[in-house]
Amino acid sequence: LYHSALMPTQMSEGGRYVGLDREVHTESGFTYYSDMSMWDTYRTLHPLMSLLYPARALDFAKTLLAMREAHGTLVRWPLATNETGTMVGSPAAIILADTALRGVTGFDLEAALDVVVADADGVPAVTTRPIACVEHGYCPSDEVGRATSLTLEYGWADFAIANLAQVLGKPDVATDFRLRAAAYKQHWDAETGFLRGINTNGSWAIADFDSQLQSDDYVEGNAWHYLWAVPFDVIGESELFGGRQSFVDRLGEFFETSKNTPTPVAGIVTMPDEYYWHGNEPDIHAAFLFALAGMPGLGGQWVDWVRETRYDDAPIGLAGNDDAGTLSAWYLFASLGIYPLAGSDIYVLCPPIWDESILHLPGGDLRIIAKRSSADDLVLQRATLNGEVLDNPWVAHREIAAGGELILEMSSEPSNWVVEPYPGIVE
């Protein structure tokens with residue numbers, strides 16, 4: 001929790017701050033922040049702030065809109081009074097949407113929707129998306145570097161934009177962006193079973209494809225890491241795999257291989273894992289894909305494996321850079337038994353480590369209780385919220401924001417809890 005609260009950095013003093021335009025501004029009802037590692041933090045940290053500290057999350061959202069006004073475009077990695085432009089995608093769009101969807105609505109939501117749509121549409125002078133990605137609907141490798149990762153990141157942003165548009169009463173915009181979010185399918189290679197870089201003429205960007213190597217197809221990762229970077233459309237990606245069972249089977253094989261492959265070490269520094277890589281962000285949600293696929297009884301052991309093998313209270317206690325609290329926030333959620341799908345209003349359920357935990361939320365206390373015979377019971381069998389049996393292995397933010405009692409029942413036996421996958425971009 002301490003690590004999760006170290007960044008962003010408050011930049012205002014006495015009601016004033018220096019903006020990205022290097023001008024002195026006077027705050028208008030909010031505290032201005034900077035140092036936002038958003039390609040990382042949109043996944044876990046910002047949802048955590050919206051849940052535990054909504055007043056601070058509101059400041060972050062207002063800051064992002066102020067930065068956009070001063071800088072002219074959405075930012076990706078503001079550092080002090082500069083926009084570094086580091087990393088890829090549209091993380092600010094995801095954060096703005098996620099913040100609103102999780103009940104923090106005290107900022108100009110219509111303005112937020114306008115700026116994220118303008119960015120996604122490639123409006124001149126205000127867009128951060130490569131025009132080639134906008135024109136083709138996906139990012140072609142012969143026109144854009146690291147194109148596969150870009151398409152996937154923009155797809156996640158489009159999913160978030162669609163959800164924001166839906167709650168703001170813009171169903172046509174929502175439908176359009178759900179369709180855009182499916183652009184990742186352009187990168188599917190049925191022969192290898194991976195999402196790969198593709199050129200405008202339909203040829204693969206790299207002929208001698210190796211799924212374990214980091215290449216210019218991807219950003220800080222390889223084909224294995226990015227294969228699972230579509231948590232917003234488990235239904236669509238499962239179809240590419242040949243069905244849900246094929247999807248979860250391969251996901252399970254991925255984790256088994258990861259478990260049996262030692263992490264490379266150079267001296268005292270851990271190197272990138274070839275398979276599941278918790279030291280960086282693209283696949284840190286992978287263990288929760290089982291539940292999103294509607295089979296919550298299959299993922300608990302892998303959530304626990306990550307908790308037990310990638311965290312320690314030692315000088316090298318994390319699997320990589322904490323990235324402004326991203327990995328710490330991951331652990332907080334995973335230890336509690338709820339994990340956010342960024343850009344939506346839901347938390348995916350998983351076996352917690354605590355027998356009981358209490359979150360003192362602004363709307364009331366949320367009590368999360370684990371019912372099990374032993375700590376080795378990692379198969380989620382059933383969940384109830386305030387006495388009502390949950391149909392799905394996820395809960396909406398509004399269902400827990402006012403507090404209540406969430407009971408997670410687990411055992412070591414196979415689970416009969418199988419439901420339809422999370423709809424994601426399917427209307």
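Tutor: A residue counts as buried when its relative accessible area is under 20%. Keep in mind that this model is predicted.

Student: Is Cys 350 buried or exposed?

Tutor: Cys 350 has a relative accessible area of 2%, so it is buried. Cys 350 is also one of the residues lining the second largest cavity.

Student: Which cysteines form a disulfide?

Tutor: A disulfide is a covalent bond between the sulfur atoms of two cysteines. Here the structure holds one disulfide. Cys 133 and Cys 139 form it, with their sulfur atoms 2.1 Å apart. The torsion about their S-S bond is about 120°, so this disulfide is right-handed.

Student: Are Cys 133 and Cys 139 buried or exposed?

Tutor: Cys 133 is buried, at a relative accessible area of 7%. Cys 139 is buried too, at 1%.

Student: Which residues have the most contacts inside the largest nonpolar core?

Tutor: They are Trp 228, Phe 255 and Leu 349, in a core of 136 residues. Helix 7, residues 147-167, supplies the largest share of this core, with twelve residues.

Student: How many cavities of 30 Å³ or more does the structure hold?

Tutor: There are four. The largest has a volume of about 80 Å³, and its lining includes Arg 43, Trp 156 and His 285. That lining divides into nine nonpolar residues, one polar and one charged.

Student: What is the volume of the second largest cavity?

Tutor: Its volume is about 50 Å³. Among the residues lining the second largest cavity are Leu 349, Cys 350 and Pro 351. Eight residues of that lining are nonpolar, two are polar and none is charged.

Terms used
Residues numbered from 1 in each chain as written. Predicted model: local features only at pLDDT ≥ 70, side-chain atom pairs only at ≥ 80, totals over all residues. Heavy atoms only, no water. Disulfide = S-S within 2.5 Å. Buried < 20%, exposed > 50% of the residue type's maximum accessible area, 1.4 Å probe, protein only. Core = buried A, V, L, I, M, F, W, Y, C linked by side-chain atoms within 4.5 Å. Helix = DSSP H or I, 4+ residues; strand = E, 2+ residues; numbered from the N terminus. 1 Å grid on protein atoms, 1.4 Å probe; cavity = no way out; pocket = protein on both sides within 12 Å on 5 of 7 lines; lining within 4 Å. Points joined across faces, edges and corners; volume = space filled by probe spheres on them. Nonpolar A, V, L, I, M, F, W, Y, C, P; charged D, E, K, R; others polar.
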